[in-house]
Each structure stands twice: as C-alpha cells, then as structure tokens.
Amino acid sequence: EAVRDKVDAAMRALDPELGPHVAPVLWQLGALEARDPFLRADAPSRRQRGFEANFRLIGAAARRQPFVLVIGNLQWVDPDAEDSLKLFANGLTPSTLVVVTYRPEYDDGWLAGTDALRLHLQPLAADRAGELLDALLGPHDELLPLKRLLMERAGGNPFFLEESVHDLVQG
C-alpha cells in the first residue's frame, strides 16, 4: 500500500495527466492490488499500456529537466516493445537524449524517420581489445588464453567483450 501511495503521489506531482498511467506502472512494479480493473485486460493490452505508461512518465520527466534514456541490446527487443519505442522516438522533447546499443545485424531502418544520429563502431584492433580486457579483467598473464578466446569470439566488438566478461563474472 505504501508503494502504491508513493508512486501515485509522485506521478501525479510530476504531471497530473499521468493519473491513468499509475496502474500500469504499479503492475510493472508488482505492487498493483489484485482487484484492480487493469488486471482484467488481456496480456497484450497490459503490456502495451505498460510501455505507454513508461514513455509518458519519461516524457513528463523530460519536460521538467534534461533526460537521458539508455537502452542496451536493442536487438533483443520484442515487436511490441519496438513498436512502442518507435512511437516514443517520434515524440521526444528537445531535451531528451536516447542512447541505444544494438548488434550490427539489427535492422535499424525505422530510425531513418527520426532525428537519430547513428554512430557505427568499428571493431577494435587486437591491441585495443587487449587494453579493454586488461581494464576489465586485470593484466594477469594467466588470463591470456581467456583473453585470446574472448577477442576471437567477440570479433573486436567492445560491447560483446564487455558483455562476455560480465557473463563470466556473473556465471
């Protein structure tokens, strides 16, 4: 109940027009009351309303102060989320910066209709990839076989290198 009250108050204080979007946000937080009418909607509708609530909340915050949204690994986004992101990207405030990362095989053609600036990163040279791995793992000689394997598999992509190291540490 405390979470519901705080989220409701914070969203309405940010923008009174966010009232209809409180339930989808609470649902995403796992704090929505079991008897809330929002739960009667079918799963795709709940998801869509959740995406819309997120973007409206971001938009309200961005109208008050500069806002940066970072979305990593866009290549894994599902079609519903991608459609929502497309709508969101076309309605950004001038003080909103959205940074997305994605693998080269991701079709980013939808960005052509936005004010997006695409920065394509070239693969790191072996010495630069080694420097990155030294920074992430340390410069220990016993890690050289692992670093070579990571460099070979990542093909010089710094995001893949970082992701791989993260997965190793978490695993």
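Tutor: Take helix α7: at 1.5 Å a residue, its 13 residues should span 18 Å, and its end C-alpha atoms are 18 Å apart, so the two values agree. The expected span here is 1.5 Å times one less than the number of residues. Helices are DSSP runs of H or I with at least four residues, numbered from the N terminus. The model is predicted, so local features need pLDDT of at least 70 and side-chain atom pairs count only at pLDDT 80 or more, while totals for chains, interfaces and linings use all residues. Residues are numbered from 1 along each chain as its sequence is written, and side-chain values use heavy atoms, with hydrogens and water left out.

In α7, Pro158, Leu161, Glu163 and Val165 are buried, that is, under 20% relative accessible area with a 1.4 Å probe, protein chains only. The buried residues of α7 pack against α5 and α6, where contact means heavy atoms within 4.5 Å.

Now the partner α6. Helix α6 (residues 144-154) and helix α7 (residues 158-170) pack at about 130 degrees, their axes 9 Å apart. Axes are lines fitted to C-alpha atoms over the stretch in contact, and angles run from 0 to 180 degrees between N-to-C directions. The two helices are therefore oblique to each other; angles under 35 degrees count as roughly parallel, over 145 as roughly antiparallel, 65 to 115 as roughly perpendicular and the rest as oblique. From α6, Leu146, Leu150, Met151 and Ala154 make the contact, and from α7, Phe160, Leu161, Ser164, Val165 and Leu168.

Notes. Buried means under 20% relative accessible area, exposed over 50%, partly exposed in between (1.4 Å probe, protein chains only).
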